Amino acid sequence: MNAKWFPVLGKLGKHQPLGECPFCHKESLDYGFKVVNKDDKMGFGIVWCKDCHHAAQLSRIKVEDDTKKLEDVPEKLIV
């Protein structure tokens with residue numbers, strides 16, 4: 001994962017604005033989590049820019065009930 005994402009990832013789960021994309025510098029970031037194993041609520045998270053499509057993925061995360069969840073991961077992301 002590109003280290004440019006670290007400041008953005010540190011804001012996840014803290015109910016803070018994510019700020020600007022570390023690549024195109026537009027404030028168009030979105031995020032969500034996807035549960036893969038429903039028994040133990042394990043899955044992954046992803047943060048992406050809706051303009052330039054750069055993204056960072058976090059794997060093996062326990063997805064809490066109050067977390068923003070994704071049905072589908074956006075297509076054509078640059079991870």
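How many disulfides does the count come to by the distance rule? The count comes to 0 disulfides, where a disulfide is a pair of cysteine sulfur atoms within 2.5 Å.

This is a predicted model, in which local features need pLDDT of at least 70, side-chain atom pairs count only at pLDDT 80 or more, and totals for chains, interfaces and linings use all residues. Residues are numbered from 1 along each chain as its sequence is written, and side-chain values use heavy atoms, with hydrogens and water left out.

**Cysteines**

A disulfide is a covalent bond between the sulfur atoms of two cysteines.

| Cysteine 49 | cysteine 24 | 3.6 Å |

Cysteine 49 is in no disulfide. Cysteine 49 has a relative accessible area of 0% and is buried (under 20% relative accessible area, with a 1.4 Å probe and protein chains only).

**The whole chain**

The protein chain contains 1 helix and 3 strands, which are DSSP runs (H or I, at least four residues, for helices; E, at least two, for strands). Their order from the N terminus is α-β-β-β. Of the 79 residues in the protein chain, 33% are buried. The C-alpha trace of the protein chain spans about 40 × 25 × 20 Å along its principal axes.

Terms used. Buried means under 20% relative accessible area, exposed over 50%, partly exposed in between (1.4 Å probe, protein chains only).
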